[in-house]
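Subject: Structure handover

Hello,

Here is the structure for you to look through. Please open it first, then read my notes below.

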Amino acid sequence: MEIPYTRTNRPDTGLFNAKIGIWLFLASEVMLFGGLFSSYIFLRVGADYHWPVHELTLWPGFVNTIVLIVSSVTVVMAWANLKMRKIAQYKLCMWVTIICAGVFMCLKAYEYNGKFHHIGVKLTDGTILTGHFPEEGYRVKLKGGSTVTLNLQTADPAYFLKWCVTPNPQFKTEAGQPQPLDQQGALMAFIDALVPGDHDSSSLGQLRRDAAAKDQKSVKLTATAPLEFAVKESKTFSHTATSITFRDGTVVEGASVEDKMTLQVDKVDVRSSLDEDKALAWHYLGDEWKKAFEEHSKEEAESHKKFDPRDERYLRHVKQMEIHAPTVAEHNTQHGGKHSAEAHAPGEEHAAGGHAAHYPEIVIDRKDVAFWSSFTPKWNTYYAIYFTLTGLHGMHVVAGALVLFYFLVFDGRRLKEDPEHLANRVEVGGLFWHFVDLVWIFLFPLLYLL
Amino acid sequence: MAHDNHDDLSKHVKTYMKIGGWLIFFTFVTVGLSFVELPTHGDNLLVGMALAAFKATLVGLIFMHLNHERSLIYKVLLFTLVFVVGLFVLIYLSGQNPLHFGGFEGVTPGH
(Lines give C-alpha, C1' and ligand atoms only; values in the text may rest on other atoms or scores of the structure.)
Protein backbone atom coordinates (compact mmCIF):
# COMPACT_ATOMS: atom_id res chain seq x y z
CA MET A 1 0.00 0.00 0.00
CA GLU A 2 1.30 3.40 -0.94
CA ILE A 3 1.44 5.78 2.00
CA PRO A 4 0.20 9.18 0.80
CA TYR A 5 1.97 12.49 1.29
CA THR A 6 5.46 11.19 2.06
CA ARG A 7 7.13 13.62 -0.39
CA THR A 8 4.59 16.35 -0.91
CA ASN A 9 2.54 18.27 1.64
CA ARG A 10 -1.09 17.55 2.27
CA PRO A 11 -3.20 20.42 0.90
CA ASP A 12 -5.24 20.81 4.10
CA THR A 13 -2.40 20.78 6.68
CA GLY A 14 0.39 22.06 4.45
CA LEU A 15 2.66 19.37 5.91
CA PHE A 16 3.78 15.90 4.88
CA ASN A 17 2.26 13.18 7.06
CA ALA A 18 5.40 12.07 8.89
CA LYS A 19 5.98 15.61 10.06
CA ILE A 20 2.59 15.81 11.74
CA GLY A 21 3.33 12.40 13.24
CA ILE A 22 6.69 13.41 14.71
CA TRP A 23 5.30 16.63 16.19
CA LEU A 24 2.47 14.74 17.86
CA PHE A 25 5.05 12.27 19.19
CA LEU A 26 7.27 15.11 20.41
CA ALA A 27 4.25 16.64 22.16
CA SER A 28 3.82 13.39 24.09
CA GLU A 29 7.56 13.40 24.83
CA VAL A 30 7.27 16.93 26.22
CA MET A 31 4.63 15.62 28.62
CA LEU A 32 6.83 12.65 29.60
CA PHE A 33 9.90 14.74 30.37
CA GLY A 34 7.69 17.50 31.83
CA GLY A 35 6.41 14.95 34.33
CA LEU A 36 9.95 13.89 35.20
CA PHE A 37 11.19 17.47 35.54
CA SER A 38 8.28 18.23 37.86
CA SER A 39 9.27 15.10 39.85
CA TYR A 40 12.79 16.56 40.09
CA ILE A 41 11.40 19.80 41.53
CA PHE A 42 9.14 17.90 43.90
CA LEU A 43 12.04 15.77 45.18
CA ARG A 44 14.38 18.72 45.48
CA VAL A 45 11.93 20.89 47.37
CA GLY A 46 11.01 18.04 49.70
CA ALA A 47 14.53 16.63 50.25
CA ASP A 48 15.30 15.99 53.93
CA TYR A 49 19.04 15.97 53.27
CA HIS A 50 21.57 18.36 51.74
CA TRP A 51 20.73 18.36 48.02
CA PRO A 52 23.95 17.76 46.03
CA VAL A 53 25.19 20.82 44.17
CA HIS A 54 28.35 20.63 42.04
CA GLU A 55 28.78 17.07 43.29
CA LEU A 56 28.98 15.34 39.92
CA THR A 57 32.24 15.56 38.02
CA LEU A 58 31.68 18.42 35.64
CA TRP A 59 33.74 17.61 32.58
CA PRO A 60 31.84 14.56 31.23
CA GLY A 61 28.54 16.47 31.39
CA PHE A 62 30.13 19.56 29.86
CA VAL A 63 31.77 17.62 27.01
CA ASN A 64 28.48 15.81 26.37
CA THR A 65 26.67 19.15 26.12
CA ILE A 66 29.12 20.35 23.47
CA VAL A 67 28.91 16.99 21.68
CA LEU A 68 25.10 17.20 21.50
CA ILE A 69 25.16 20.78 20.25
CA VAL A 70 27.64 19.82 17.50
CA SER A 71 25.45 16.85 16.56
CA SER A 72 22.38 19.09 16.41
CA VAL A 73 24.19 21.35 13.94
CA THR A 74 25.40 18.43 11.83
CA VAL A 75 22.01 16.72 11.65
CA VAL A 76 20.28 19.84 10.38
CA MET A 77 23.16 20.41 7.96
CA ALA A 78 22.77 16.82 6.74
CA TRP A 79 19.13 17.54 5.93
CA ALA A 80 19.99 20.82 4.14
CA ASN A 81 22.77 19.17 2.13
CA LEU A 82 20.47 16.36 1.07
CA LYS A 83 17.89 18.92 -0.03
CA MET A 84 20.61 20.55 -2.11
CA ARG A 85 21.67 17.08 -3.36
CA LYS A 86 25.17 17.50 -1.94
CA ILE A 87 25.37 13.81 -1.18
CA ALA A 88 28.98 13.64 0.09
CA GLN A 89 28.37 16.45 2.59
CA TYR A 90 25.07 14.86 3.61
CA LYS A 91 26.81 11.58 4.39
CA LEU A 92 29.65 13.28 6.24
CA CYS A 93 27.24 15.24 8.45
CA MET A 94 25.21 12.13 9.21
CA TRP A 95 28.35 10.18 10.20
CA VAL A 96 29.49 13.01 12.47
CA THR A 97 26.05 13.00 14.16
CA ILE A 98 26.19 9.26 14.75
CA ILE A 99 29.77 9.43 16.06
CA CYS A 100 28.68 12.21 18.44
CA ALA A 101 25.93 9.91 19.74
CA GLY A 102 28.57 7.21 20.33
CA VAL A 103 30.84 9.63 22.20
CA PHE A 104 27.89 10.77 24.32
CA MET A 105 27.00 7.22 25.33
CA CYS A 106 30.64 6.26 26.04
CA LEU A 107 30.97 9.22 28.43
CA LYS A 108 27.65 8.31 30.04
CA ALA A 109 28.88 4.74 30.58
CA TYR A 110 32.10 6.11 32.11
CA GLU A 111 30.08 8.27 34.50
CA TYR A 112 27.71 5.47 35.48
CA ASN A 113 30.59 3.06 36.09
CA GLY A 114 32.21 5.56 38.45
CA LYS A 115 28.98 5.87 40.45
CA PHE A 116 28.46 2.13 40.68
CA HIS A 117 31.87 1.81 42.38
CA HIS A 118 31.74 4.93 44.54
CA ILE A 119 30.43 4.27 48.04
CA GLY A 120 28.62 6.50 50.52
CA VAL A 121 28.55 5.52 54.20
CA LYS A 122 26.25 7.29 56.65
CA LEU A 123 27.43 6.76 60.22
CA THR A 124 25.04 6.56 63.15
CA ASP A 125 25.79 10.15 64.21
CA GLY A 126 24.82 11.49 60.78
CA THR A 127 28.37 11.97 59.47
CA ILE A 128 28.82 10.90 55.87
CA LEU A 129 32.03 9.37 54.53
CA THR A 130 32.44 8.61 50.85
CA GLY A 131 35.07 6.54 49.13
CA HIS A 132 35.78 3.12 47.74
CA PHE A 133 35.93 -0.41 49.08
CA PRO A 134 39.12 -2.37 48.58
CA GLU A 135 39.18 -4.66 45.55
CA GLU A 136 37.42 -7.58 47.27
CA GLY A 137 34.59 -5.29 48.43
CA TYR A 138 32.82 -5.31 51.79
CA ARG A 139 32.42 -8.81 53.26
CA VAL A 140 31.07 -10.30 56.48
CA LYS A 141 33.77 -12.76 57.59
CA LEU A 142 33.34 -16.00 59.52
CA LYS A 143 36.33 -17.83 60.91
CA GLY A 144 36.60 -21.41 62.20
CA GLY A 145 33.51 -22.59 60.31
CA SER A 146 32.58 -26.04 61.60
CA THR A 147 29.00 -26.90 60.66
CA VAL A 148 26.63 -26.05 57.85
CA THR A 149 22.89 -26.60 58.23
CA LEU A 150 21.06 -26.74 54.93
CA ASN A 151 17.32 -26.19 54.86
CA LEU A 152 16.21 -28.88 52.43
CA GLN A 153 13.19 -26.93 51.22
CA THR A 154 14.82 -23.57 50.56
CA ALA A 155 18.58 -23.97 50.35
CA ASP A 156 20.63 -24.20 47.21
CA PRO A 157 23.64 -26.36 48.18
CA ALA A 158 25.93 -24.35 45.94
CA TYR A 159 24.91 -21.01 47.49
CA PHE A 160 27.06 -21.04 50.63
CA LEU A 161 30.00 -22.74 48.89
CA LYS A 162 30.46 -19.71 46.63
CA TRP A 163 31.44 -17.63 49.66
CA CYS A 164 33.79 -20.19 51.26
CA VAL A 165 37.33 -18.89 50.86
CA THR A 166 39.02 -22.05 52.18
CA PRO A 167 40.22 -24.04 49.17
CA ASN A 168 38.80 -27.58 48.70
CA PRO A 169 36.43 -27.65 51.67
CA GLN A 170 35.69 -31.15 52.95
CA PHE A 171 32.80 -32.40 55.06
CA LYS A 172 32.48 -35.68 56.97
CA THR A 173 29.83 -38.22 56.05
CA GLU A 174 27.93 -39.98 58.80
CA ALA A 175 30.48 -42.82 58.50
CA GLY A 176 33.22 -40.28 59.07
CA GLN A 177 34.57 -40.37 55.51
CA PRO A 178 35.83 -37.00 54.24
CA GLN A 179 33.95 -35.77 51.15
CA PRO A 180 35.29 -32.93 48.97
CA LEU A 181 32.64 -30.35 48.24
CA ASP A 182 34.22 -28.08 45.74
CA GLN A 183 31.44 -28.23 43.20
CA GLN A 184 27.69 -28.50 43.15
CA GLY A 185 27.64 -32.04 41.73
CA ALA A 186 29.77 -33.48 44.54
CA LEU A 187 27.77 -31.61 47.15
CA MET A 188 24.47 -32.82 45.73
CA ALA A 189 25.68 -36.44 45.75
CA PHE A 190 26.72 -36.01 49.36
CA ILE A 191 23.39 -34.58 50.50
CA ASP A 192 21.68 -37.21 48.40
CA ALA A 193 23.29 -39.85 50.55
CA LEU A 194 22.01 -38.13 53.69
CA VAL A 195 18.41 -38.06 52.45
CA PRO A 196 17.25 -41.65 51.99
CA GLY A 197 15.24 -42.28 48.84
CA ASP A 198 15.41 -43.43 45.28
CA HIS A 199 16.11 -40.02 43.75
CA ASP A 200 18.44 -38.69 41.12
CA SER A 201 21.29 -36.79 42.78
CA SER A 202 21.40 -34.15 40.05
CA SER A 203 17.82 -33.04 40.70
CA LEU A 204 17.37 -30.58 43.55
CA GLY A 205 13.58 -30.68 43.06
CA GLN A 206 13.40 -34.45 43.52
CA LEU A 207 15.66 -34.24 46.56
CA ARG A 208 13.29 -31.66 48.08
CA ARG A 209 10.24 -33.80 47.35
CA ASP A 210 11.88 -36.86 48.96
CA ALA A 211 12.90 -34.84 52.00
CA ALA A 212 9.37 -33.43 52.34
CA ALA A 213 7.86 -36.94 52.03
CA LYS A 214 10.07 -38.11 54.88
CA ASP A 215 9.45 -34.91 56.84
CA GLN A 216 13.19 -34.23 56.86
CA LYS A 217 13.68 -30.45 57.16
CA SER A 218 17.42 -30.08 57.07
CA VAL A 219 20.80 -31.79 56.82
CA LYS A 220 23.80 -30.87 58.88
CA LEU A 221 27.26 -31.05 57.35
CA THR A 222 30.34 -31.16 59.55
CA ALA A 223 33.59 -29.72 58.22
CA THR A 224 36.74 -31.85 58.48
CA ALA A 225 38.83 -28.71 59.06
CA PRO A 226 37.91 -25.13 60.07
CA LEU A 227 36.53 -23.13 57.15
CA GLU A 228 36.62 -19.44 56.41
CA PHE A 229 33.83 -17.51 54.74
CA ALA A 230 33.75 -13.98 53.29
CA VAL A 231 30.17 -13.16 52.38
CA LYS A 232 28.63 -10.21 50.58
CA GLU A 233 26.22 -8.53 53.01
CA SER A 234 23.34 -8.70 50.53
CA LYS A 235 23.68 -12.50 50.44
CA THR A 236 23.17 -12.84 54.19
CA PHE A 237 19.88 -12.78 56.02
CA SER A 238 21.37 -12.13 59.44
CA HIS A 239 24.39 -12.99 61.53
CA THR A 240 25.34 -13.44 65.17
CA ALA A 241 28.76 -13.43 66.87
CA THR A 242 29.34 -17.04 65.73
CA SER A 243 27.04 -17.78 62.81
CA ILE A 244 25.81 -16.48 59.48
CA THR A 245 22.36 -17.20 58.06
CA PHE A 246 22.32 -16.95 54.29
CA ARG A 247 19.35 -15.65 52.33
CA ASP A 248 18.46 -19.19 51.26
CA GLY A 249 18.24 -20.32 54.90
CA THR A 250 21.62 -22.05 55.10
CA VAL A 251 23.25 -21.52 58.49
CA VAL A 252 27.03 -21.67 58.88
CA GLU A 253 28.37 -21.86 62.41
CA GLY A 254 31.91 -21.19 63.45
CA ALA A 255 34.23 -19.67 66.02
CA SER A 256 33.64 -15.97 65.29
CA VAL A 257 32.03 -13.52 62.88
CA GLU A 258 33.72 -10.24 62.03
CA ASP A 259 31.59 -7.51 60.47
CA LYS A 260 33.84 -4.59 59.61
CA MET A 261 33.84 -2.33 56.61
CA THR A 262 37.12 -1.21 55.05
CA LEU A 263 36.75 2.13 53.28
CA GLN A 264 39.24 4.25 51.35
CA VAL A 265 37.89 7.67 52.25
CA ASP A 266 37.79 10.50 49.70
CA LYS A 267 35.39 12.91 51.45
CA VAL A 268 34.15 13.77 54.92
CA ASP A 269 30.79 15.51 55.30
CA VAL A 270 29.77 16.61 58.80
CA ARG A 271 26.81 18.77 57.77
CA SER A 272 24.35 16.37 59.39
CA SER A 273 26.54 15.26 62.32
CA LEU A 274 25.04 15.48 65.78
CA ASP A 275 28.27 16.97 67.11
CA GLU A 276 30.87 17.67 64.44
CA ASP A 277 33.63 18.04 67.03
CA LYS A 278 33.00 14.50 68.27
CA ALA A 279 31.96 13.09 64.91
CA LEU A 280 32.50 9.36 64.52
CA ALA A 281 34.60 10.11 61.46
CA TRP A 282 37.42 11.33 63.71
CA HIS A 283 37.27 8.16 65.76
CA TYR A 284 38.23 6.27 62.62
CA LEU A 285 40.31 8.82 60.72
CA GLY A 286 42.21 10.07 63.75
CA ASP A 287 43.15 13.43 65.23
CA GLU A 288 45.48 14.46 62.40
CA TRP A 289 42.66 14.37 59.87
CA LYS A 290 40.38 16.14 62.34
CA LYS A 291 42.94 18.92 62.62
CA ALA A 292 43.27 19.10 58.83
CA PHE A 293 39.49 19.36 58.59
CA GLU A 294 39.37 22.15 61.16
CA GLU A 295 42.00 24.11 59.24
CA HIS A 296 40.11 23.54 56.01
CA SER A 297 36.86 24.71 57.66
CA LYS A 298 38.56 27.81 59.01
CA GLU A 299 39.95 28.76 55.58
CA GLU A 300 36.63 28.13 53.85
CA ALA A 301 34.68 30.00 56.54
CA GLU A 302 36.97 32.99 56.03
CA SER A 303 36.52 33.02 52.27
CA HIS A 304 32.73 32.53 52.57
CA LYS A 305 32.09 34.88 55.46
CA LYS A 306 29.60 36.87 53.39
CA PHE A 307 27.18 33.95 53.76
CA ASP A 308 24.89 33.23 56.66
CA PRO A 309 26.35 30.16 58.48
CA ARG A 310 23.00 28.43 57.93
CA ASP A 311 23.17 29.05 54.18
CA GLU A 312 23.39 25.79 52.25
CA ARG A 313 26.34 27.12 50.25
CA TYR A 314 28.29 28.03 53.40
CA LEU A 315 27.73 24.54 54.78
CA ARG A 316 28.73 22.93 51.47
CA HIS A 317 32.09 24.68 51.50
CA VAL A 318 32.85 24.70 55.21
CA LYS A 319 31.45 21.42 56.53
CA GLN A 320 32.77 19.13 53.84
CA MET A 321 36.33 18.24 52.93
CA GLU A 322 37.61 16.29 49.97
CA ILE A 323 40.64 14.12 50.66
CA HIS A 324 43.30 13.81 48.01
CA ALA A 325 46.06 11.74 49.61
CA PRO A 326 46.59 8.83 51.99
CA THR A 327 48.26 10.99 54.68
CA VAL A 328 47.60 14.47 56.04
CA ALA A 329 51.10 15.64 55.06
CA GLU A 330 50.60 14.61 51.42
CA HIS A 331 47.06 15.98 51.44
CA ASN A 332 48.33 19.37 52.55
CA THR A 333 51.01 19.49 49.85
CA GLN A 334 48.53 18.43 47.16
CA HIS A 335 45.89 20.89 48.30
CA GLY A 336 44.59 22.79 45.35
CA GLY A 337 45.00 19.89 42.97
CA LYS A 338 41.44 18.93 43.70
CA HIS A 339 39.83 16.06 41.90
CA SER A 340 36.56 14.41 42.62
CA ALA A 341 36.79 10.68 43.11
CA GLU A 342 33.17 10.49 42.12
CA ALA A 343 33.73 9.64 38.49
CA HIS A 344 36.81 7.49 38.94
CA ALA A 345 36.21 4.01 37.74
CA PRO A 346 38.44 1.35 39.31
CA GLY A 347 41.08 0.09 36.96
CA GLU A 348 41.83 3.46 35.43
CA GLU A 349 44.34 5.84 36.96
CA HIS A 350 44.25 3.91 40.22
CA ALA A 351 45.18 0.65 38.56
CA ALA A 352 48.74 0.54 39.87
CA GLY A 353 48.16 1.03 43.56
CA GLY A 354 44.38 0.91 43.84
CA HIS A 355 42.48 3.65 45.66
CA ALA A 356 44.39 2.77 48.84
CA ALA A 357 47.44 4.51 47.34
CA HIS A 358 45.42 7.74 47.08
CA TYR A 359 43.20 7.84 50.14
CA PRO A 360 43.39 6.96 53.84
CA GLU A 361 42.01 3.51 54.55
CA ILE A 362 39.87 2.99 57.63
CA VAL A 363 38.08 -0.03 59.10
CA ILE A 364 34.59 0.82 60.40
CA ASP A 365 32.60 -1.28 62.85
CA ARG A 366 29.37 -2.20 61.09
CA LYS A 367 27.39 -1.23 64.20
CA ASP A 368 28.49 2.40 63.58
CA VAL A 369 27.07 2.37 60.04
CA ALA A 370 23.45 3.53 59.75
CA PHE A 371 23.27 3.13 55.98
CA TRP A 372 25.58 2.56 53.06
CA SER A 373 25.21 2.28 49.31
CA SER A 374 26.98 2.94 46.05
CA PHE A 375 25.98 6.19 44.33
CA THR A 376 22.91 4.61 42.77
CA PRO A 377 19.18 5.36 43.28
CA LYS A 378 19.40 3.64 46.67
CA TRP A 379 21.71 6.34 48.05
CA ASN A 380 19.22 9.21 47.84
CA THR A 381 16.43 10.72 45.74
CA TYR A 382 18.90 12.95 43.88
CA TYR A 383 20.61 9.89 42.41
CA ALA A 384 17.21 8.25 41.83
CA ILE A 385 16.05 11.14 39.65
CA TYR A 386 19.54 11.52 38.12
CA PHE A 387 19.50 7.92 36.87
CA THR A 388 15.86 8.11 35.77
CA LEU A 389 16.33 11.28 33.77
CA THR A 390 19.73 10.55 32.27
CA GLY A 391 18.88 6.88 31.67
CA LEU A 392 15.72 7.76 29.77
CA HIS A 393 17.56 10.50 27.90
CA GLY A 394 20.36 8.04 27.04
CA MET A 395 17.80 5.62 25.59
CA HIS A 396 16.51 8.46 23.41
CA VAL A 397 20.06 9.13 22.20
CA VAL A 398 20.50 5.47 21.24
CA ALA A 399 17.10 5.30 19.53
CA GLY A 400 17.70 8.53 17.60
CA ALA A 401 21.17 7.43 16.51
CA LEU A 402 19.83 4.06 15.32
CA VAL A 403 17.16 5.75 13.18
CA LEU A 404 19.71 8.12 11.62
CA PHE A 405 22.12 5.19 11.09
CA TYR A 406 19.35 3.31 9.28
CA PHE A 407 18.68 6.26 6.97
CA LEU A 408 22.36 6.60 6.21
CA VAL A 409 23.33 2.97 5.70
CA PHE A 410 20.20 1.05 4.72
CA ASP A 411 18.26 3.68 2.78
CA GLY A 412 20.73 3.88 -0.14
CA ARG A 413 18.11 2.94 -2.74
CA ARG A 414 15.81 5.74 -1.63
CA LEU A 415 18.77 8.13 -1.80
CA LYS A 416 19.26 7.27 -5.48
CA GLU A 417 15.64 6.94 -6.57
CA ASP A 418 13.72 9.30 -4.30
CA PRO A 419 16.05 11.69 -2.44
CA GLU A 420 13.19 14.08 -1.63
CA HIS A 421 11.44 11.38 0.35
CA LEU A 422 14.69 10.56 2.17
CA ALA A 423 15.19 14.27 2.92
CA ASN A 424 11.77 14.31 4.59
CA ARG A 425 12.72 11.25 6.62
CA VAL A 426 16.00 12.85 7.70
CA GLU A 427 14.10 16.01 8.66
CA VAL A 428 11.78 14.00 10.89
CA GLY A 429 14.70 12.04 12.44
CA GLY A 430 16.50 15.36 12.91
CA LEU A 431 13.51 16.90 14.72
CA PHE A 432 13.65 14.03 17.22
CA TRP A 433 17.40 14.53 17.56
CA HIS A 434 16.96 18.25 18.32
CA PHE A 435 14.42 17.36 20.99
CA VAL A 436 17.01 15.05 22.60
CA ASP A 437 19.47 17.97 22.59
CA LEU A 438 16.82 20.29 24.00
CA VAL A 439 16.16 18.00 26.97
CA TRP A 440 19.88 17.82 27.72
CA ILE A 441 20.10 21.62 27.66
CA PHE A 442 17.94 21.59 30.82
CA LEU A 443 19.37 18.42 32.35
CA PHE A 444 22.98 19.57 32.32
CA PRO A 445 22.59 22.66 34.55
CA LEU A 446 20.00 21.03 36.82
CA LEU A 447 22.08 17.95 37.57
CA TYR A 448 25.67 19.15 37.25
CA LEU A 449 25.70 22.85 38.06
CA LEU A 450 22.80 23.99 40.19
CA MET B 1 9.68 23.80 5.45
CA ALA B 2 8.92 26.62 3.11
CA HIS B 3 12.49 27.28 1.95
CA ASP B 4 13.43 24.59 -0.51
CA ASN B 5 15.38 27.00 -2.65
CA HIS B 6 19.09 26.09 -3.08
CA ASP B 7 20.39 29.59 -2.23
CA ASP B 8 18.08 29.86 0.76
CA LEU B 9 19.36 26.56 2.11
CA SER B 10 23.01 27.61 1.64
CA LYS B 11 22.33 30.70 3.73
CA HIS B 12 20.58 28.60 6.34
CA VAL B 13 23.56 26.25 6.67
CA LYS B 14 25.66 29.26 7.70
CA THR B 15 22.97 30.27 10.20
CA TYR B 16 22.97 26.77 11.71
CA MET B 17 26.73 26.93 12.27
CA LYS B 18 26.47 30.39 13.78
CA ILE B 19 23.69 29.29 16.15
CA GLY B 20 25.73 26.20 17.10
CA GLY B 21 28.60 28.53 18.03
CA TRP B 22 26.29 30.68 20.16
CA LEU B 23 24.92 27.61 21.90
CA ILE B 24 28.45 26.50 22.80
CA PHE B 25 29.26 30.02 23.97
CA PHE B 26 26.19 30.09 26.22
CA THR B 27 27.15 26.68 27.61
CA PHE B 28 30.46 28.18 28.76
CA VAL B 29 28.53 31.13 30.24
CA THR B 30 26.17 28.76 32.09
CA VAL B 31 29.08 26.82 33.59
CA GLY B 32 30.95 30.00 34.53
CA LEU B 33 27.90 31.59 36.17
CA SER B 34 27.22 28.47 38.22
CA PHE B 35 30.48 29.16 40.07
CA VAL B 36 29.54 32.79 40.76
CA GLU B 37 27.68 32.81 44.04
CA LEU B 38 24.79 35.26 43.63
CA PRO B 39 22.98 36.63 46.73
CA THR B 40 20.86 33.47 46.99
CA HIS B 41 21.15 30.05 45.39
CA GLY B 42 17.66 30.67 44.02
CA ASP B 43 19.17 33.49 41.94
CA ASN B 44 21.72 31.05 40.52
CA LEU B 45 18.90 28.66 39.65
CA LEU B 46 16.91 31.44 38.01
CA VAL B 47 19.84 32.62 35.88
CA GLY B 48 20.82 29.06 34.96
CA MET B 49 17.28 28.16 33.91
CA ALA B 50 16.83 31.43 32.02
CA LEU B 51 19.99 30.67 30.02
CA ALA B 52 18.83 27.09 29.41
CA ALA B 53 15.42 28.37 28.26
CA PHE B 54 17.14 30.81 25.90
CA LYS B 55 19.31 28.04 24.45
CA ALA B 56 16.29 25.76 24.09
CA THR B 57 14.43 28.57 22.28
CA LEU B 58 17.32 28.90 19.81
CA VAL B 59 17.24 25.16 19.14
CA GLY B 60 13.46 25.21 18.71
CA LEU B 61 13.27 28.29 16.51
CA ILE B 62 16.29 27.72 14.28
CA PHE B 63 17.13 24.01 14.23
CA MET B 64 13.54 22.77 14.50
CA HIS B 65 12.33 25.55 12.18
CA LEU B 66 9.65 26.75 14.58
CA ASN B 67 10.33 30.32 13.44
CA HIS B 68 8.34 29.62 10.28
CA GLU B 69 6.13 26.58 10.60
CA ARG B 70 2.56 25.76 9.70
CA SER B 71 -0.16 26.77 12.13
CA LEU B 72 -1.16 23.17 12.89
CA ILE B 73 2.17 22.55 14.64
CA TYR B 74 1.79 25.66 16.80
CA LYS B 75 -1.70 24.48 17.78
CA VAL B 76 -0.35 21.08 18.83
CA LEU B 77 2.42 22.70 20.85
CA LEU B 78 0.08 25.17 22.50
CA PHE B 79 -2.16 22.32 23.58
CA THR B 80 0.88 20.53 25.07
CA LEU B 81 2.08 23.68 26.77
CA VAL B 82 -1.22 24.06 28.63
CA PHE B 83 -0.81 20.59 30.13
CA VAL B 84 2.87 21.07 30.99
CA VAL B 85 2.08 24.31 32.78
CA GLY B 86 -0.71 22.41 34.55
CA LEU B 87 1.85 19.85 35.74
CA PHE B 88 4.02 22.52 37.28
CA VAL B 89 1.03 24.21 38.89
CA LEU B 90 0.29 20.86 40.56
CA ILE B 91 3.69 21.05 42.25
CA TYR B 92 2.80 24.47 43.58
CA LEU B 93 -0.50 23.11 44.88
CA SER B 94 1.33 20.25 46.63
CA GLY B 95 2.92 22.91 48.84
CA GLN B 96 -0.52 23.99 50.04
CA ASN B 97 -2.32 22.10 52.73
CA PRO B 98 -5.75 21.08 51.46
CA LEU B 99 -6.29 18.75 54.43
CA HIS B 100 -6.07 21.51 57.00
CA PHE B 101 -8.75 20.83 59.57
CA GLY B 102 -9.71 23.24 62.29
CA GLY B 103 -11.66 20.72 64.41
CA PHE B 104 -15.38 20.28 65.05
CA GLU B 105 -16.99 23.28 66.55
CA GLY B 106 -18.24 22.68 70.08
CA VAL B 107 -16.72 19.19 70.34
CA THR B 108 -14.11 18.67 73.03
CA PRO B 109 -11.87 15.63 73.38
CA GLY B 110 -13.31 12.85 75.51
CA HIS B 111 -16.93 13.69 74.67
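**An enclosed helix in chain A**

Of the 26 residues of H2(A), 19 are buried, so this helix is largely enclosed by the rest of the structure. Buried means that 20 or more other C-beta atoms lie within 10 Å of the residue's own; exposed means 12 or fewer, and partly exposed is in between, with C-beta atoms placed from the backbone. Helices (H or I, at least four residues) and strands (E, at least two) are DSSP runs, numbered from the N terminus.

Before you go on, note that this is a predicted model: local features need pLDDT of at least 70, side-chain atom pairs count only at pLDDT 80 or more, and totals for chains, interfaces and linings use all residues. Residues are numbered from 1 along each chain as its sequence is written, while chains are lettered from A and ligands numbered from 1 in the order in which they are written.

Back to H2(A). The helix covers residues 58-83 and reaches 38 Å from its first C-alpha to its last. That is close to the 38 Å expected at 1.5 Å a residue (1.5 Å times one less than the number of residues). Just after H2(A), A:Arg85 takes a positive phi of about 60°.

**The rest of chain A**

Chain A has 13 helices and 14 strands. Buried residues make up 36% of its 450 residues.

Look at strand S13, residues 361-365 of chain A. A:Ile362 and A:Ile364 form its covered face. A:Glu361, A:Val363 and A:Asp365 form the uncovered one. S13(A) runs antiparallel to strand S11 (residues 260-269) of chain A, and five bridges join them. Strands pair if DSSP finds at least two bridges between them. A:Thr262 stands opposite A:Val363 in S13(A).

**Chain B**

Chain B has three helices and zero strands. Of its 111 residues, 16% count as buried. Chain B is divided into domain 1 (1-63) and domain 2 (70-94); such bounds come from an automatic or database domain assignment. The C-alpha centres of the two domains lie 22 Å apart.

**Where the chains meet**

How many residues does each chain bring to the contact? Chain B brings 38 and chain A brings 37. Residues are in contact if their C-beta atoms, placed from the backbone, lie within 7 Å. On the side of chain B that touches chain A, H1 (6-34), H2 (41-63) and H3 (71-94) of chain B each supply at least two residues. H1(B) gives the most, with 13 residues.

Best wishes

How values were computed: Contact = placed C-beta atoms within 7 Å.
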